[in-house]
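This report covers the pockets and cavities of one protein model, then a helix and a few single residues. The structure is shown first.

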Amino acid sequence: MPKKNPVSTETLPAKRALKKNEIIIMTADAALGFLLVASLTSVAMRTSSFVVESGFGDAVAASFILSLSIVSGFAGGILFGRLLSCMESVLLPVTLFAMGAGLSVIAFSNGLLMVGFGACLFGYFATIGLSYMFNSLSDCLPNDILTTANAVVLIGCNLGAATAPFHLQMFALINKDLSFGFLGYAFCAFVTAAALLLRKLKK
């Protein structure tokens, strides 16, 4: 009878437990992803109806505004590396403040041109925020847990997209004006940016 190969007694190394600071980084990035993707989804959902119901233009004009926002996002992704090298320590707070400013411009717009400018500003910096989020994972966490970290952050992003309609519904309970949804997300962006700046100042 042929001899059976001996069964190896070696086992794969056990997965190590996550450290507290690693869990905090993953959770913070997941929360950031939640905010970024929820706001992006809500802007995509709300801009068309806002433009049409405000009398700034028709559905074609609204689609053009959304396209401009997407193109601005591409530009943000291309220039992300240069911005990161120039202002790494404050890039995320500045990004969130600029996102909030873009959303505020949309909310207080009096014409299609202002809506377009606000949408481009928001789209540009929202993409930078997403790029920063995933880049920070690889910078702050060891390689052996990056797969887990990316999965956690993507869960936050997916939850943001899935719950965006409910956020808009909640904003509508406070104020039924279509512009209030933009202001709600702008407020969240401003508060998050201020909290990050205060945290940096305390260090």
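Helices are DSSP runs of H or I with at least four residues, numbered from the N terminus. With that numbering, helix 1 and helix 6 each supply at least two residues of the lining of the largest cavity. The model is predicted.

**Cavity**

The structure holds 1 cavity of 30 Å³ or more. The space in the largest cavity comes to about 30 Å³. Its lining is made up of S42, V43, R46, L103, L168, G181, F182 and Y185. By class, these are 5 nonpolar, 2 polar and 1 charged residues.

The largest pocket holds about 660 Å³ of space. It is lined by 23 residues, and those closest to its centre are D29, L92, Y132, L196 and R199. Four helices, namely helix 1 (20-53), helix 3 (91-107), helix 4 (112-140) and helix 6 (179-202), each give at least two residues to this lining. The most come from helix 1, which contributes 7 residues. Sorted by class, the lining of the largest pocket has 13 nonpolar, 4 polar and 6 charged residues.

**Helix 1**

Helix 1 is 34 residues in length, and its first and last C-alpha atoms are 49 Å apart. That span is close to the 50 Å expected at 1.5 Å a residue. Just after helix 1, G55 adopts a positive phi of about 80°.

**Accessibility of selected residues**

| Residue | Relative accessible area | Class |
|---|---|---|
| T27 | 49% | partly exposed |
| G77 | 34% | partly exposed |
| C86 | 62% | exposed |
| C157 | 7% | buried |

T27 belongs to helix 1. With a relative accessible area of 49%, T27 counts as partly exposed, because exposed requires over 50%. T27 and M99 are separated by 72 residues in sequence, and their C-alpha atoms are 21 Å apart in space.

G77 sits in helix 2 (residues 59-87). At 34%, G77 is partly exposed, since the limits for that class are 20% and 50%. From G77 to S109 there are 32 residues in sequence and 26 Å in space, C-alpha to C-alpha.

**Cysteines**

How many disulfides does the structure hold? The count is 0. C86 is in no disulfide, and the nearest cysteine sulfur to it, that of C140, is 19 Å away. C86 is exposed, at 62% relative accessible area.

C157 is buried, as its relative accessible area of 7% is under the 20% limit.

Definitions and conventions. Residues are numbered from 1 along each chain as its sequence is written. This is a predicted model: local features need pLDDT of at least 70, side-chain atom pairs count only at pLDDT 80 or more; totals for chains, interfaces and linings use all residues. Side-chain values use heavy atoms; hydrogens and water are left out. On a 1 Å grid over the protein atoms alone, a cavity is a set of points where a 1.4 Å probe fits but cannot get out, and a pocket is an open set with protein on both sides within 12 Å along at least five of seven lines; lining residues have an atom within 4 Å of a point. Grid points are joined across faces, edges and corners, and a volume is the space filled by probe spheres set on the points. Ala, Val, Leu, Ile, Met, Phe, Trp, Tyr, Cys and Pro count as nonpolar, Asp, Glu, Lys and Arg as charged, and the others, Gly among them, as polar. The expected span of a helix is 1.5 Å times one less than its number of residues. Buried means under 20% relative accessible area, exposed over 50%, partly exposed in between (1.4 Å probe, protein chains only). A disulfide is a pair of cysteine sulfur atoms within 2.5 Å.
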